[in-house]
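Hi,

Here is the structure I promised to pass on to you. Have a look at it first, and then read on for what turned up when I went through it.

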Amino acid sequence: HVPPVILRNMLENPGWYTAYTPYQAEISQGRLEMLLNFQQTVMDLTGMPVSNASLLDEATAAAEAMTLAKRAGKSKGNVFYVADNVHPQTLDVVQTRAEYFGYDVQVGDADAIPEGAFGVLVQYPGTHGEVLNLAPLAEKAHAQGAALIVATDLLACALLTPPGEQGADIVVGSAQRFGVPMGFGGPHAAFLACQKGYERSMPGRVIGVSKDSRGNTALRMAMQTREQHIRREKATSNICTAQVLLANIASMYAVYHGPQGLEQIARRVHRLTSILVQGLLQLGHQVEQEHFFDTVSVVTAYPLDDVLAAANAARLNLRLIDDVRVGLSLDETCEQASIEALWAVFAAPGQLLPDFVALAASTGDCLPLSLLRETPFLQHEVFNRYHSETELMRYLRRLADKDLALDRTMIALGSC
């Protein structure tokens, strides 16, 4: 969901969507501040000390993380191990990227890390919804000199122990659900965060805090690692360095809702998923996950073709996993009517639907107790100040006034 104040004042505002890449810091302080907020959002939620200012999408961010692990890691091996709980589109891009680097991509159970692996990629929560304890995986990977790369969901990290606190070396993911429209699959801003020691080889841009000639606080791109910026042989990325407008929207989403708002949204999404699962169990279906955040896989009690036909008739998208299983994911746009519509799809003809109100009163959370988040996040003033539409509108206006975009004048682009 895109909050209307962000839709009107950023996504539809030429002062934001026509601004060029912030190469010249003097006319880009507004965008640089928003990207700094994006980095802080990612760092806080993932539990990592360093983040870049966005990448193209989650799949290419995972591919970039693979090459980062090879460049900056300790292992001399040539195997990149991908857990079988990773999104299929991520695996596809990783395999394509690895082919041209000569890496051996192997796929299997997350625990079965092979000898000679320089990196391990795992999803948290998994593509089918399961929530793994990452700490044993990190210990096993580090014992043989491999880097642990975790693809994660920022909203899930509001409730679950972040990857950085479980030993992850690199964390990637998509910021789509932070106020960025689905857009039929893209574009969406990705992120890449890492532990100290990896930052000099990290792809993309890093916004840093500095001082100007008068001693005032100023922002600038502290690192930029694409071919057009530095010598080609030293470049760490040639896919895409940023999705600035979409990263700014995600950043402003975090500013607008703040830590309490994000936690409330995450809890609501999880509660709706828990209620949905209890209803599916009442209808006779099997849900494979004991612990989950917002995604589950369902073994249907009735012919799968009938369920899919009912879903198509109701204009609901189910993920076809195999001949007997489908996947379900909820987000903040879902409500009681969404759950009841899904129950109707999974119900046999004439079968009584579960009582939503009764289940809501009796259903508890399904998060693993050992992995509940305890660390506070987004404690900086900017995330705890602009929680009304008026305050946020004024903040966006102040930032836009610091920038030069096509709503004011033409911009000379020497880099093109």
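In this predicted model, helix H1 (residues 4–11) and helix H11 (residues 389–400) have axes that come within 10 Å and cross at roughly 15 degrees. The two helices, H1 and H11, are therefore roughly parallel to each other, since an angle under 35 degrees counts as such. The crossing of H1 and H11 is right-handed.

Which residues bring H1 and H11 together? On the H1 side they are Pro 4, Val 5, Ile 6, Arg 8, Asn 9 and Met 10, and these meet Glu 389, Leu 392, Met 393 and Leu 396 of H11.

Helix H7 (residues 244–282) packs with helix H9 (residues 336–346) at an angle of about 25 degrees, and their axes are 10 Å apart. That angle makes H7 roughly parallel to H9. The crossing of H7 and H9 is right-handed. From H7, the residues Leu 272, Ile 275, Leu 276, Gly 279 and Leu 280 meet Ile 339, Leu 342, Trp 343 and Phe 346 from H9. How do the residues of this contact of H7 with H9 divide? There are 8 nonpolar residues, 1 polar and no charged.

Now to the strands. The model has an open sheet of 4 strands, paired in the antiparallel sense, in the order S10-S11-S13-S12. Strand S10 (286–287) and strand S12 (319–320) stand at its edges with a single partner strand each, so one side of each has no neighbour in the sheet. If you zoom in on S10, you will see that its antiparallel pairing with strand S11 (residues 295–299) runs over 2 bridges. Gln 286 has Val 299 in S11 as its bridge partner.

A few backbone details may also interest you, beginning with the cis peptide bonds. The bond from Tyr 124 to Pro 125 is cis, with omega near -10 degrees. Where does Pro 125 lie? Its place is the loop between strand S4 (117–124) and helix H6 (134–143). Gly 186 and Pro 187 are also joined by a cis peptide bond, with an omega of about 0 degrees. Pro 187 belongs to the loop between strand S6 (170–174) and strand S7 (190–194).

That loop between S6 and S7 holds Phe 184 as well. Phe 184 is not a glycine, yet its phi is positive, at about 55 degrees. Is Phe 184 buried or exposed? With a relative accessible area of 92%, Phe 184 is exposed.

Leu 378 also has a positive phi without being a glycine, here about 50 degrees. You can find Leu 378 in the loop between helix H10 (356–362) and H11, and H11 is the helix that crosses H1 at roughly 15 degrees. The relative accessible area of Leu 378 is 0%, and Leu 378 is buried.

Best wishes

Methods
Residues numbered from 1 in each chain as written. Predicted model: local features only at pLDDT ≥ 70, side-chain atom pairs only at ≥ 80, totals over all residues. Heavy atoms only, no water. Axes fitted to C-alpha atoms, helices over the stretch in contact; angles between N-to-C directions. Parallel < 35°, antiparallel > 145°, perpendicular 65-115°, else oblique. Left-handed = near helix turned anticlockwise from the far one by under 90°. Contact = heavy atoms within 4.5 Å. Pairing = 2+ DSSP bridges. Buried < 20%, exposed > 50% of the residue type's maximum accessible area, 1.4 Å probe, protein only. Nonpolar A, V, L, I, M, F, W, Y, C, P; charged D, E, K, R; others polar.
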